[in-house]
Amino acid sequence: MQHQRYDLALHSIFNYVKPQELFNCALVSVEWNQYATLKLWRYPKFGNDSKTSFQSFQSFLDILLNTAREQARLCVFIIDVNKIQESLYETVNENWLGIVVSRCPNLRELIIRNISFLSTIHIRNLCNMKVHNFVEILDLTGAKDITESTMKALIQNLPELKSIILDNCSGVTDGSISQITYFCHNLEYVNIANSRSSLTDVGIYALAKFGKQKLKGIELTASMKVTCDAIIAMSSHCTKLVSINFSNCALITIQGLEKIVASNKNTLKQLIIHNMRSIPSFTYPFFDLLANHCPQLMKLSFSFTAITDIKIELLNDIFDKFKTLKDLILYDVPENVSENTPNFSLWRLIEQCKSLKEVTIYRTSYESDFILGGYARVLGGINQQAVDEFNVFHPGIKVNLLLLEE
């Protein structure tokens, strides 16, 4: 028992030791060396006071290839290269991806987000190595130089994936998504946001067919060709979804949305549904479904203009019935307020939901934000002054007012 407490205390202490100091700690004893090695190698940080992130990453690759002990390489769980950028005179080794995957057998998370040096040749070099690995999380956000065929080849080398993020990534097509769902039997979360017109119902049908009960999260932000038919098909197969994001989708209607929410009502925790073009107005029955039949719902976003057809009294009644909702995100909140519009009672709506901890309001520029250099005081208005006053008198909840980029 004492030894366990000592290990726990030592583990906690090492969480606060800076990377530069870990090298000195590693010289104290064998036991300290093991803890320091784990901290240094589990999630390598690239870049410090003496080296750029690029130079640090190059040194890391050289060490992996030539001098790193197996004990150290086995400690690597996360590699994040999103801050590394090539220059005119410095380029990353063409085999960097293969080196990282092959020399770190316990690698679980690979983050290659918004970088310029991921290309077809890097992925082909990895595929040629035919190395079995256990990567569970892959983030390719913003990758612009991947073709559909390359994406398919990459996925065949990552069969253990549980989460894949392809936000604004090239190579996302019906064919590549079908390949992903077919080869990755443990897939739980799929982010194919901003695929726009390259993804259709065909890819979603494949996701529904092969994902079935294992799929827990789906993000389809800005999908222009995915229709209600695909969403209804998904609702028939995928009934354990925890997170759904259909924001900015063009063709998903209230019928499809109701179907998939109803099918996942017992597990759903996060629902992001703002700016859905085919749903100009939500209905009372839909909000009643969320409030009374989704016992785990904790995060909800929607366009405020989409609830203007629901009577204020009904809205107040709905918000009073939410018991687990902690995070509310409102888009398109108008500035001008009158007694004939629902936003006249926005503050009351927030007060009605006793479980709320944070509310984020997104809006465009208001004319009354500044008048002669100062905040305007508009009766009932949604401005920073009103938000600040609400926060002062409601310490249990935090309201944020943010400017939506136009």
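Setting aside neighbours within four places in sequence, Asp-174 touches Ser-198, Leu-199, Thr-200, Val-202 and Gly-203, where contact means heavy atoms within 4.5 Å. This comes from a predicted model, in which local features need pLDDT of at least 70 and side-chain atom pairs count only at pLDDT 80 or more, while totals for chains, interfaces and linings use all residues. Residues are numbered from 1 along each chain as its sequence is written, and side-chain values use heavy atoms, with hydrogens and water left out.

Asp-174 sits in helix α9, residues 174–183 (helices are DSSP runs of H or I with at least four residues, strands are E runs of at least two, both numbered from the N terminus). Its side chain makes a polar contact of 2.5 Å with that of Thr-200 (a pair of N or O atoms within 3.5 Å, one able to donate a hydrogen and the other to accept it; residues adjacent in sequence count only if both atoms are side-chain atoms). Asp-174 is buried (under 20% relative accessible area; exposed is over 50%, partly exposed in between, with a 1.4 Å probe and protein chains only). Even so, Asp-174 has no salt bridge (a side-chain nitrogen of Lys or Arg within 4 Å of a carboxyl oxygen of Asp or Glu). The nearest side chain of opposite charge, Lys-225, is 8.3 Å away.

Over in strand β12, residues 398–403, there is Lys-398, partly exposed at 44% relative accessibility. Its C-alpha lies 6.2 Å from that of Val-359, 39 residues apart along the chain. Beyond four places in sequence, Lys-398 contacts Lys-357, Glu-358, Val-359 and Asn-391.

As for cysteines, Cys-238 is buried at 0% relative accessible area, and Cys-228 is buried at 11%.

Note on methods: Lys and Arg count as positive and Asp and Glu as negative; His and the chain ends are not counted.
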